[in-house]
Amino acid sequence: MSVDPSPTSVLAVARLSPLLMPQLAASFDLEVLPDLDAAALAAVAPRIRGIAASGDSKVPADLIAQLPALEVISVMGVGYDGVDVAAAKARGVMVTHTPDVLNDDVADLALGLMLSAARQLPAADRFVRSGDWLKGNMPLARKMSGARLGIVGMGRIGQAIALRAQAFGMSIAYTARSAKPGLPHRYLPSAAALAAESDFLVVITPGGAGTRHLINAEVLAALGRSSPAGGILVNVARGSVVDEAALIDALERGVIAGAGLDVFEDEPRVPERLRALPQVVLTPHVGSATQGTRQAMADLAFANLQLHLGGQAVRTPVPECR
Ligand code: 8YV
């Protein structure tokens, strides 16, 4: 067996999933960005042909510009808002992501957060553990079945959320860049218009500049007015989509009744004021975090990298690179 004299060099821009790193290390000459200082990066930069990243990694234009041999950026995640795709495309660099394999998990978590916030499940758990039950019953919660659900973003995961919500007898409406032909749900042209007709507002739209603070004080006020029993916001998309300061204000003032949040503006830092609110259910960006799904994401991210570097078509390019 002959040994390749110049193994392909790949740069992991963060310490990525343990389901992906060993595959990368076994097949490529793997450099890990957090371990490199500027001089070490400059030394390896000329031979880097691929970048491996996660959904929350940053791959800015200045990093792309430093890597003259770069051919492909493979993101282990459906969201790729951290990648400067325009800069990559301008250089002819392919960008790939891992759609579809995580739809079920993210949709499951969205429903879990809706139920948890409506029925106050973490507070109920604390109530039993603390012994407060011995002093009396918990305050009554809010019903979810039959309520009105507004979905912000009606892509593959939005549709998986809608499917599950139908089993709860919820009426479903959505907003997106444009109406999706063929869907039975009502389309509303803006997040504010949707919030004005929703009890639960679930955010599952891509992050990035185009959706930054799409959910603002005005949208939260509309949700609060629309739902006298208590509006609930759920975010399983990106922290950047929700104006977190406006959300904290709306929760503190009782404008909306509660929230279920898997993502935050400055992860993993979550403001103390948000953490102090008992009516808010918080999870640490675990939408896709099950064993099987993360394995499928790692395998797809690896396959995309290997295919492109081997001169073959990738499986899942981002829409801009199709
Ligand atoms: C994780 C995600 O953050 O798919 C996404 O867009 O946000 C996630 O599933 C991450 O990319 C896992 O590596």
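Buried, in this talk, means under 20% relative accessible area, exposed means over 50%, and partly exposed is in between, with a 1.4 Å probe and protein chains only. Keep that in mind for serine 288, which is buried at a relative accessible area of 8%.

A word on the source. This is a predicted model, so to speak of local features we need pLDDT of at least 70, and side-chain atom pairs count only at pLDDT 80 or more, while totals for chains, interfaces and linings use all residues. Residues are numbered from 1 along each chain as its sequence is written, and side-chain values use heavy atoms, with hydrogens and water left out.

Overall picture next. The protein chain has twelve helices and twelve strands. Those are DSSP runs numbered from the N terminus: helices are H or I with at least four residues, strands are E with at least two. The C-alpha trace spans about 75 × 50 × 35 Å along its principal axes.

Of the 322 residues, 51% count as buried. The chain exposes about 15000 Å², and carbon and sulfur atoms supply 56% of it. Those areas come from the Shrake-Rupley method with a 1.4 Å probe; for residues, only the protein chains shown count as cover. Now contacts, meaning heavy atoms within 4.5 Å. Take those between residues at least 6 apart in sequence: 59% join residues at least 24 apart.

On to the sheet strands. Start with E10, residues 232-235. Both its faces are covered. Ile232 and Val234 are buried on one side, Leu233 and Asn235 on the other. Strand E9, residues 200-203, runs parallel to E10, joined by four bridges. Two strands pair if DSSP finds at least two bridges between them. Leucine 201 stands opposite leucine 233. From E9 the chain crosses through helix H9, residues 217-226, to E10, a right-handed β-α-β crossover. Right-handed here means that, with the strands pointing away from the viewer, the path from the first strand over the helix to the second runs clockwise.

Strand E11, residues 258-261, also pairs with E10 in the parallel sense, over four bridges. There, alanine 259 is the bridge partner of leucine 233. The chain goes from E10 through helix H10, residues 244-252, to E11, and this β-α-β crossover is right-handed.

Now the cores. In soluble globular proteins, nonpolar side chains tend to be buried together. A nonpolar core is a set of buried Ala, Val, Leu, Ile, Met, Phe, Trp, Tyr and Cys residues joined through side-chain atoms within 4.5 Å. The largest one has 75 residues, and Ile51, Ile73, Leu149 and Ile161 touch the most other members. Helix H5, residues 103-118, gives this core its largest share, nine residues. What does isoleucine 161 touch, not counting residues up to four places away in sequence? Ala107, Ala110, Leu111, Leu149, Ile151, Val202 and Ile204. A second, separate core has 31 residues, including Val219, Leu247, Phe264 and Leu277.

Back to serine 288. It is in the loop between strand E12 (280-282) and helix H12 (291-309). Leaving aside neighbours within four places in sequence, serine 288 contacts Leu102, Asp105, Val106, Thr293, Arg294 and Met297.

Valine 314 lies in the segment after H12. Is it buried or exposed? Valine 314 counts as buried, at 14% relative accessibility. Its C-alpha is 9.4 Å from that of valine 95, 219 residues apart along the chain. Beyond four places in sequence, valine 314 contacts Met94, Thr96, Asn304, Leu307 and His308.

Last, the backbone. Most residues other than glycine have a negative phi, and most peptide bonds are trans. The bond from glutamate 267 to proline 268 is cis, with omega near 0°. Proline 268 is in the loop between E11 and helix H11 (272-275). Histidine 213 has a positive phi, near 55°. Its place is the loop between E9 and H9, and it is partly exposed at 22%. Histidine 285 has a positive phi too, near 50°. That residue lies in the loop between E12 and H12, partly exposed at 21%.
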